[in-house]
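Open your viewer and get ready to select residues by number. We will go stop by stop.

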Amino acid sequence: MANSRGRRRRFGAIRKLPSGRYQARYPGPDGVMRPAPFTFETTADADDWLAEKQTEIRRGEWRDPDAGAVSFRAYAEKWVEERELAPLTQDLYRYLLDKHLFAFADLDLDEITAPRVREWRAERLRLTGAKTITAKAYRLLKAIMETAVDDELITRNPCRIKGAGKEKAAERRIATVGQVDALANAVGMRWRLMVYLGAYGPLRPEELAGLRRRDVDLDHLRLRVRLAEPERMNGRRVQGDTKSEAGTRTVILPAFLRRELRWHLESYAEPGPDGLLFVGEKGAPFRRSTFGRKWRKAREVVGMPEGFRFYDLRHTGHTLSTRSGATLKDTMVRAGQSSEKAALIYQHSDEERQEEVAAGLDVTVRKAREEAARKAAKKRSGTDLARDE
């Protein structure tokens with residue numbers, strides 16, 4: 001059959017429908033004849049469309065039009081399963097899929113368009129006002145769809161909103177030395193060491209949960225952080241690696257914590273080398289929910305802001321270490337953090353330097369306590385003098 005330009009068509013076929021419009025079909029690289037997704041008013045229009053498809057095939061740019069007919073729900077579930085994710089990350093991703101990306105659950109991948117993504121994001125922000133969790137959900141959606149592009153299921157990622165995946169971190173709160181002491185007192189004797197290690201370690205909650213007696217060197221005031229035991233959403237703790245390679249480390253504690261550490265080992269830690277350092281009143285590993293109630297009550301007693309989290313004690317420790325003369329690299333080593341900044345490669349923080357940081361931290365805290373004691377004594381003295389007069 002010749003086309004409208006008088007040339008014999010060598011690719012595809014065109015036929016006239018009873019409606020008077022024209023249908024075009026072409027053989028894909030797999031030999032399967034595929035119809036155009038729409039009909040044409042003239043044979044010239046149909047012929048031009050076939051020419052475009054032929055060019056796509058020759059250039060290797062052709063994509064099976066049925067490739068994107070894959071359920072987003074099924075693809076996202078498989079995407080999570082195929083990755084070696086930490087348990088808490090798995091929990092987070094499944095939570096985001098169930099609670100924040102449910103609008104796409106019943107769609108195929110090729111039905112998720114840029115306008116739909118923009119509409120979804122605007123609606124989530126309008127209904128929830130939760131910018132941080134919406135940004136996390138957007139980043140997850142973008143990562144899943146990017147893999148779909150790599151798998152040649154879709155031609156382009158529909159997540160193209162500038163800055164939508166960025167989180168604006170709130171200003172981190174820090175506590176004073178006096179407030180840390182007050183929180184330690186208010187949280188109860190069983191948990192006061194946890195407050196101090198959270199601030200002056202500074203250890204993460206999941207690292208504290210994983211500490212055993214054998215990780216404690218009381219004579220040299222050292223803690224060996226070897227693993228982490230985060231608590232999953234179902235309340236169960238799972239033993240695993242630290243957050244990063246830098247998280248496996250030896251923490252040298254300031255001298256003022258020696259008495260606290262010894263007293264806790266004698267009073268509350270489980271017996272034996274593998275005994276947990278922190279356990280609940282009934283002898284079980286501490287639960288986030290149980291400790292959370294005690295933390296919130298202690299925070300209220302001390303008069304700390306409602307938004308002050310246990311995790312903010314780490315920021316307190318960072319700040320105090322810096323004030324005691326620690327370099328950025330020193331604080332990173334101490335807190336078990338890694339960084340991509342090339343400048344940090346040229347800085348070094350060995351065990352001797354960590355001892356100096358711990359000693360500086362010890363001096364900083366002791367001075368703050370002494371100053372607070374002097375002010376309290378002066379205040380009492382002034383009150384007594386006024387009473388005598």
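**Stop 1: Glu152**

Select Glu152. It is exposed, because its relative accessible area is 60% and the cut-off for exposed is over 50%. Keep in mind that you are looking at a predicted model. Glu152 sits in the loop between H5 and H6. In numbers, helix H5 covers 131-150 and helix H6 covers 177-187. Now check the backbone here. Glu152 has a positive phi of about 60°, although it is not a glycine.

Together with Glu152 they gather in a patch of negative charge on the surface.

**Stop 2: Leu221**

Is Leu221 buried or exposed? Select Leu221 and look at what covers it. Leu221 counts as buried, because its relative accessibility is 4% and buried means under 20%. Leu221 lies in the loop between S4 and S5. Its phi is also positive, at about 55°, and Leu221 is not a glycine.

**Stop 3: a cis peptide bond**

Go to Gly201 and Pro202. The peptide bond from Gly201 to Pro202 is cis. Its omega is near -20°. Pro202 has its place in the loop between H7 and H8.

Move on to Pro205, which lies in helix H8. Pro205 is partly exposed, with a relative accessible area of 28%. The C-alpha atoms of Pro205 and Val195 are separated by 9.9 Å, and the two residues are 10 residues apart along the chain.

**Stop 4: salt bridges**

How many salt bridges does the structure hold? The structure holds 16 salt bridges. We will visit some of them.

Select Asp181 and Arg369. Their side chains meet in a salt bridge, 2.7 Å from N to O. This pair links distant parts of the chain: Asp181 is in helix H6 and Arg369 is in helix H13 (residues 351-388), 188 residues apart. Asp181 counts as buried at 14% relative accessibility. Arg369 is partly exposed, with a relative accessible area of 29%.

Next, select Arg192 and Glu260. Arg192 forms a salt bridge with Glu260, and the closest N and O atoms are 2.7 Å apart. Here too the pair links distant parts of the chain. Arg192 is in helix H7 (residues 192-200), Glu260 is in helix H9 (residues 258-267), and they are 68 residues apart. Both Arg192 and Glu260 are buried.

Now select Arg212 and Glu229. Another salt bridge joins them, with the closest N and O atoms 2.6 Å apart. Arg212 lies in the loop between helix H8 (205-209) and strand S4 (216-217), and Glu229 lies in the loop between strand S5 (222-225) and strand S6 (249-252), so the pair ties together parts that are 17 residues apart in sequence. Arg212 counts as buried at 13% relative accessibility. Glu229 counts as buried at 8%.

Finish this stop with three residues at once: Arg204, Glu207 and Arg249. They are linked in a network of salt bridges.

**Stop 5: helix H11**

Select residues 312-323. This is helix H11, with 12 residues. How far does H11 reach from its first C-alpha to its last? H11 reaches 17 Å, close to the 16 Å expected at 1.5 Å a residue.

Nine of the 12 residues are buried, so H11 is largely enclosed by the rest of the structure. Colour the buried residues; among them are Asp312, Leu313, Arg314, Thr316 and Gly317. His318, Thr319, Leu320 and Ser321 are buried as well.

Step just past the end of H11 to Gly325. This residue takes a positive phi of about 110°.

**Stop 6: two pairs to end on**

Select Glu41 and Gln23. Glu41 is found in the loop between strand S3 (33-35) and helix H1 (43-59). Glu41 counts as exposed at 60% relative accessibility. The C-alpha atoms of Glu41 and Gln23 are separated by 9.2 Å, with the residues 18 apart along the chain.

Last, select Pro87 and Glu231. Pro87 lies in helix H3 (residues 87-99). Pro87 counts as partly exposed at 24% relative accessibility. The C-alpha atoms of Pro87 and Glu231 are separated by 8.9 Å, though the residues are 144 apart along the chain.

Conventions. Residues are numbered from 1 along each chain as its sequence is written. This is a predicted model: local features need pLDDT of at least 70, side-chain atom pairs count only at pLDDT 80 or more; totals for chains, interfaces and linings use all residues. Side-chain values use heavy atoms; hydrogens and water are left out. Helices (H or I, at least four residues) and strands (E, at least two) are DSSP runs, numbered from the N terminus. The expected span of a helix is 1.5 Å times one less than its number of residues. Buried means under 20% relative accessible area, exposed over 50%, partly exposed in between (1.4 Å probe, protein chains only). Patches are made of residues with over 30% relative accessible area and no salt bridge: like charges are joined within 9 Å, nonpolar side chains (Val, Leu, Ile, Met, Phe, Trp, Tyr) within 5 Å. Accessible areas come from the Shrake-Rupley method with a 1.4 Å probe; for residues, only the protein chains shown count as cover. A salt bridge is a side-chain nitrogen of Lys or Arg within 4 Å of a carboxyl oxygen of Asp or Glu. Lys and Arg count as positive and Asp and Glu as negative; His and the chain ends are not counted. The place of a charge is taken as NZ of Lys, CZ of Arg, CG of Asp or CD of Glu.
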